[in-house]
Amino acid sequence: MNQPIKAKHQRLVLVLVALAALIGAGLLAAWALRSQASFFYLPAEMAAQPPEVGRAVRLGGMVELGSIQREADGVTIRFVITDGKARVPVRFTGIVPDLFKENSGAVAEGKRGPDGVFVADNLLAKHDEKYVPREMKDMTAGQARQAVEETK
Amino acid sequence: MIATLGLAALWLAAALAMLQLVGGALALRANGNPLVAALRPVAMIQGMLASLAMLCLIVLFCQTDLSVALVATNSHSAKPLLYKFAGSWGNHEGSMLLWVAVMAAAGGVVAWVERRLPERTILATLGAQAFVSLGFYAFLLFASNPFTRLDPAAPEGQGLNPLLQDPGLAFHPPTLYIGYVGLSVAFSFAVGALLTREVSPTFARAMRPWVLGAWIFLTLGILFGSYWAYYELGWGGWWFWDPVENASLMPWLAATALLHSVSVLAARNALRAWTVMLGVVAFSMSMVGTFLVRSGILVSVHAFAVDPTRGQFILALLAINIGAALAVFGLRAASVTEGERFALTSREGALVFNNVMLTGALGIVLIGTLYPLIAETVGARVSVGPPYFNPATAIFVLPMLVVMAFGPLLRWRRDSMKRISPLLLVPATLALCGLAFGIWRGIGVLPLLGLALACGLVVASVMPLWGRKLRTVKLPLWGMVTAHLGVALALGGMASDSAFTKEKLVAARPGETIVVGPWSLQFAKVQPIAGPNWTAIEATLEAGYDGGKPITLKPQARAFWSPPQGTNESALATRWNGQLYAVLGEQAEDGRWQLRLWWKPFITLIWLGGMLVALGGLLALFGRVASDLRRLIAVDKIAYRRRRQGP
């Protein structure tokens with residue numbers, strides 16, 4: 001391939017190379033997304049169809065009133081995320097976000113442990129007073145109020 | 001008064017943009033139309049008027065004029081002046097006005113200085129620029145007017161999100177926007193050249209400074225943004241593959257590809273249709289980015305000033321602009337003649353590889369970012385994070401970096417690997433040393449490959465200077481070497497951060513000592529302090545590196561009172577070989593304080609390398625613009641002499 005290729009062929013070759021790379025990227029993306037995208041669960045969904053243990057998922061709902069407990073190490077908390085239909089116990093080690101509190105929406109990123117406790121690597125709470133995680137929006141109006149009512 | 005002036009300037013600018021579009025279209029048909037002759041001044045005045053509107057908004061924010069709705073909802077009279085000033089673009093309307101102002105000003109500069117290309121091409125370019133601007137003017141004037149008045153005026157403003165009250169806000173959004181919008185000029189040049197069938201090396205040379213400029217600003221914007229998120233969010237990470245981050249990365253990837261292909265077109269008159277296509281893609285990515293950020297359609301940790309209802313408007317603009325550009329491309333691509341040929345092993349060949357790999361990486365990021373939207377249409381709610389993005393982009397980026405090591409050593413047109421292989425001996429040896437070191441330390445696959453590549457690239461990137469007299473080396477070559485060296489350093493920083501970071505999360509009482517990596521921290525005390533619009537709890541940590549003289553770190557947990565919200569202010573200690581990062585959490589019932597500490601060896605290389613990349617761009621830009629200017633002056637002189645000699 002050390003001779004310059006004929007002009008017509010060269011353009012064709014370049015187009016084919018570009019196409020091959022793009023299709024390759026698309027296929028790779030599709031394949032990787034199947035295994036790596038992390039699904040969002042509401043507690044009821046997690047109770048009905050629990051994700052396999054160890055798979056990275058997100059769990060969103062209301063932090064149940066009176067459920068936050070601190071462990072002796074001072075940096076681990078346990079709480080319950082609920083949507084009014086089901087309750088999922090969660091354990092989180094780390095510094096909680098400022099707006100994380102009971103009776104307020106939160107999204108936990110992590111994995112379901114073998115004992116059924118959801119081990120969160122990261123907690124997302126409301127970012128500011130105006131902002132609600134989009135996944136929480138659907139519930140804040142109806143479900144959330146209901147959830148709060150039921151936990152009172 | 002000022003609000004009225006701003007609104008009037010905005011309307012006038014929009015009207016002029018309309019005129020500019022009509023004039024640009026006429027220029028394609030016939031010459032000698034008076035409107036066509038007036039096109040350049042129209043574009044310049046439009047630029048000035050749009051900048052005036054932005055200036056008016058800034059003045060309104062600095063004065064905290066509460067009769068303006070936007071100021072009342074986003075500012076507060078007790079806020080420090082810097083944040084009043086920067087707050088003018090820390091919201092939806094203001095940021096869109098900034099977008100339009102930068103775009104119009106850029107169009108004005110093109111009209112003012114660009115004289116190399118055939119006049120018709122320039123006029124068509126200005127017309128295309130006006131076409132894109134008009135959509136945004138309509139958006140501003142009809143759907144998000146920044147100058148809407150409140151009657152009666154609000155008694156006090158609602159304040160700005162405390163996370164945004166940081167010097168980062170003054171730099172990050174404007175730099176990123178200038179980058180986004182600079183690509184609109186490249187887009188307009190591409191469309192103008194297609195419409196007038198003038199895809200040539202001259203076109204590439206005219207477009208190159210804009211691509212370079214936009215790319216420098218994008219690089220800086222991403223750097224600021226990443227460092228800002230790193231110390232402000234208090235999570236110890238510098239890149240989260242968040243949709244908003246990807247929104248800035250995608251135009252950067254496209255612009256990087258464009259930057260390299262435009263060089264091939266300018267120097268060798270090859271890759272003609274491809275370069276034009278990339279010009280369209282790069283700006284499309286800017287618009288996709290703006291859409292993702294502004295619409296709040298995706299869940300983001302950096303989601304501020306979002307308004308979903310307005311997303312549809314940007315989506316419509318996006319569809320119209322990209323659709324129109326692709327239609328023009330489809331109609332005219334066949335008329336773009338074949339460029340010069342080259343062999344596979346040549347500078348062009350290496351640059352084609354770079355382009356293809358960058359485009360592949362762009363595809364990976366784009367698909368991953370949009371996947372949650374696609375999944376939502378079938379009712380699944382998913383998020384895509386590092387487990388997808390890291391390996392999938394690495395598959396494209398790592399081979400590209402391997403080629404980056406030797407590509408610049410190849411000659412144009414045709415070369416052989418045999419000729420350059422002796423030069424690669426040292427880089428290859430270093431890469432193997434890095435590999436061996438990584439395996440010995442037992443680090444993960446991606447950091448390992450990154451580390452090995454970074455070791456090799458540090459030397460390989462400066463090899464193009466080998467055997468040259470340094471005094472005679474031209475600025476653009478210095479620029480390339482600097483930028484590639486920056487990539488090597490940044491890659492090393494990333495690999496080191498993910499492989500060697502030490503983390504500690506503890507609950508401690510004042511008086512205790514905490515050890516993390518080579519650091520020993522004495523937890524001295526916790527005390528309350530107050531700032532202009534916040535109060536805070538501040539911890540004092542005396543951090544000693546390897547038993548050396550202690551440095552004082554003061555992480556804070558701040559509480560703002562307007563709007564009421566808390567932030568964790570991290571504290572950083574920077575040494576030549578890394579950073580210590582401390583965050584103060586809350587107090588447990590038994591009186592202990594939560595502290596999270598990271599020792600991140602060589603993480604600063606990420607931003608240092610990034611700055612070198614931007615500096616490299618700047619050197620290249622200076623070199624190009626200086627030689628353009630010299631030529632322009634020489635041409636002017638000849639014309640002047642001819643005029644003096646008379647006919």
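Phe39 of chain A stands opposite Val382 of chain B, which lies in strand β1(B). Strand β1 of chain A (residues 38–41) is joined to β1(B) by 2 bridges, and the two run antiparallel; strands count as paired if DSSP finds at least two bridges between them. This is a predicted model, in which local features need pLDDT of at least 70 and side-chain atom pairs count only at pLDDT 80 or more, while totals for chains, interfaces and linings use all residues. Residues are numbered from 1 along each chain as its sequence is written, and chains are lettered from A and ligands numbered from 1 in the order in which they are written. Helices (H or I, at least four residues) and strands (E, at least two) are DSSP runs, numbered from the N terminus.

**Contact between the chains**

- Chain B gives 47 residues to the contact and chain A gives 43 residues, where two residues are in contact if their C-beta atoms, placed from the backbone, lie within 7 Å.
- Among the elements of chain B that give two or more residues to the side touching chain A are α13 (347–377), β1 (382–383) and α14 (386–406), and α13(B) gives the most, with 9 residues.
- On that side of chain B there are 25 nonpolar, 15 polar and 7 charged residues, with Ala, Val, Leu, Ile, Met, Phe, Trp, Tyr, Cys and Pro counted as nonpolar, Asp, Glu, Lys and Arg as charged, and the others, Gly among them, as polar.

**Domains of chain B**

- The domain assignment, which is automatic or from a database, divides chain B into domain 1 (1–160), domain 2 (162–341), domain 3 (421–501 + 603–647) and domain 4 (503–601).
- The centres of domain 2 and domain 3 of chain B, taken over C-alpha atoms, are separated by 22 Å, and 11 residues of domain 2 are in contact with 12 residues of domain 3.
- The side of domain 2 of chain B that touches domain 3 of chain B divides into 8 nonpolar, 2 polar and 1 charged.

**Strands of chain B**

- An open sheet is formed by 4 strands of chain B in the order β2-β11-β10-β9, with antiparallel pairing.
- Strands β2 and β9 (571–575) of chain B stand at the edges with a single partner strand each, so one side of each has no neighbour in the sheet.
- Within the sheet, 5 bridges join β9(B) to β10(B), and Ala571(B) has Ala582(B) in β10(B) as its bridge partner.
- Elsewhere, β3 (residues 513–516) and β4 (residues 519–530) of chain B run antiparallel and are joined by 4 bridges; in their hairpin, which has 2 residues between the strands, Gly517(B) takes a positive phi near 55°.

**A helix pair in chain B**

- The axes of α16 (residues 425–441) and α17 (residues 445–460) of chain B come within 7 Å and cross at roughly 155°; axes are lines fitted to C-alpha atoms, for helices over the stretch in contact, and angles run from 0 to 180 degrees between N-to-C directions.
- That crossing makes α16(B) roughly antiparallel to α17(B), a term used for angles over 145 degrees.
- The contact of α16(B) with α17(B) has 16 nonpolar, 3 polar and no charged residues.

**Backbone details in chain B**

- The peptide bond from Asp151(B) to Pro152(B) is cis, with omega near 0°, and Pro152(B) is found in the loop between α7 (119–143) and α8 (167–195) of chain B.
- Leu271(B), a residue other than glycine, has a positive phi near 55°, and its place is in the loop between α10 (243–268) and α11 (272–295) of chain B.

Note on methods. Angles under 35 degrees count as roughly parallel, over 145 as roughly antiparallel, 65 to 115 as roughly perpendicular and the rest as oblique.
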